[in-house]
Each structure stands twice: as C-alpha cells, then as structure tokens.
Amino acid sequence: PKPWSTKVRAAIKRLQRERIQVFRAAYKLSAGTRVNTPRAIPIEGATLELTVYVPRNVAVVASTHAGDIDAADLRGNVTLRSRQGRIYARNVRGTLRTRSERGRQFISRVEGPVNVDGYDGDLQMRGVRGAKVQARLLSGTIVARGIQSPLVRFTTTQGGVTLTATVSTTGRVEVQTLRGDIDVRVRSRRGYRFRARSDHGRIRLPRAARVKRRASGVRVGKV
C-alpha cells in the first residue's frame, strides 16, 4: 500500500488531539494528560478503552497503568509495557519488546528479534522467527512453540519452561528455571549447543543430546 500523504497525516494528528480533549472532559483526566504518558489516572471507578489506528510501518510505543494492551498487524518496531494488565502482540514484523509487571503475555506470529520481561505472569509464545528470541520472568511459566532463531534464551525463577523450536546451524539454546520442569524439543539440520538448568525440577532433553557436563541441576552439551 502507498504511504499516507502529508495531508492525511496532519488530519490524523488533528483528530487525535480532538479525541484527547473529549476524553479529558468526559473522564476528568489530569490537565497534563497525553497519549504517551503512563501517569494519567482517571477518576475512581472510571474506565477508558482507546483504539488507535496507525500506518503499519511506524514505530509504536504503548503503555498502561492498569489495563490490557493489544497490538496487531504492525510492520515497525513495537514496545509494549503494562504495570497491571495483559499484553497481546500478534502479526508483528520488526523488533518487539514487552514488559509486564503483573499480567500474562501472549505473543504470536512475529518476524524479528523478541525481548520479553515479566515480573508476575505467564508467557505464551507461538510462531516467532527472529535473530534473537529471549524472555526473562521472575514468576511465571513459559510455553513457546514454533520458535525459529539462532539464539533462544528463556529464564524464569518460579515456573516451568516448555520449548519447541528450530535453530540454525551452530545455534544456541539456553533455558533456565530455579523451581519448575524443563521440556525442550529442538530441531536443527547440523546440531546445536544447549545449556539447561533447574535446581528444583526435571530436565527433559532430546534423545540425541550428548551431555558434556553434569552438575547439580545443570546439563550442558550439544545435539
């Protein structure tokens, strides 16, 4: 599709400004409220649902204090943050960064590097292809299927990790949890290196895995 003209972009900006003014009046938001600030909190009991349409190839940054974020059909870099809410990201082509302090995260059909952070909440990931796919959770279970990347790195403190992935030649897979089971199923034409750790849980590796080093809760080797 052709890029939007300067006239159309100016009209979109004008409509966004008018929409913000309407929201301020209807919900009595603070005078300094803007679309891109996480500090705006409506009056007690009020709710606000905002739908924004943007050109696919622009960078998007969205954040909420207490609410869900759903980003879809984008072709630029995307950054999503939520303090208390779920995050949905689907059909994204570009670098994806997400962070949720309390809430689940759902990521699907992404082409590009993915970096996920979470404090308390599970992560579900499917159909992701990028140069690097990594996720770090403090408390939560990671279930990732259909991952394609030369570097896959998943870490959680409390929760299990289930991974089904395809890695490139000389690829690397790192999976770690302190309390939870690990189930790794990886495909590669010429093999890959792996490092798995679980201090309080079981580790399941492919049958063809050759373990070079065994320690307390640690498996290192290659397939």
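Two strands count as paired when DSSP finds at least two bridges between them. With that in hand, here's a quick tour of a predicted model, where local features need pLDDT of at least 70, side-chain atom pairs count only at pLDDT 80 or more, and totals for chains, interfaces and linings use all residues. Residues are numbered from 1 along each chain as its sequence is written, and side-chain values use heavy atoms, with hydrogens and water left out. Helices (H or I, at least four residues) and strands (E, at least two) are DSSP runs, numbered from the N terminus.

**Parallel strand pairing**

- Strand β3 (residues 78-84) and strand β5 (residues 96-102) run parallel, joined by six bridges; here Gln84 sits opposite Arg102 of β5.
- Arg102 also stands opposite Asp120 in β7, and β5 is joined to strand β7 (residues 114-120) by six bridges, again in parallel.
- Moving on, β7 pairs with strand β9 (residues 133-139) in the parallel sense over six bridges, with Asp117 having Arg136 in β9 as its bridge partner.

- Asn91 isn't a glycine, yet its phi is positive, at about 55 degrees. You'll find Asn91 in strand β4 (residues 87-93).
- Asn91 counts as partly exposed because its relative accessibility is 22%; the class lies between buried (under 20% relative accessible area) and exposed (over 50%), using a 1.4 Å probe and protein chains only.
- Arg109 is another non-glycine residue with a positive phi, near 55 degrees, and it belongs to strand β6 (residues 105-111).
- At 48% relative accessibility, Arg109 is partly exposed too.

**A positive patch on the surface**

- Arg9, Lys13, Arg14 and Arg17 cluster in a surface patch of positive charge.
- Patch members have over 30% relative accessible area and no salt bridge, with like charges joined within 9 Å and nonpolar side chains (Val, Leu, Ile, Met, Phe, Trp, Tyr) within 5 Å. A salt bridge here is a side-chain nitrogen of Lys or Arg within 4 Å of a carboxyl oxygen of Asp or Glu.
- One of the four, Arg14, lies in helix α1 (residues 6-27). Arg14 is partly exposed, as its relative accessible area is 43%.

Conventions
Accessible areas come from the Shrake-Rupley method with a 1.4 Å probe; for residues, only the protein chains shown count as cover. Lys and Arg count as positive and Asp and Glu as negative; His and the chain ends are not counted. The place of a charge is taken as NZ of Lys, CZ of Arg, CG of Asp or CD of Glu.
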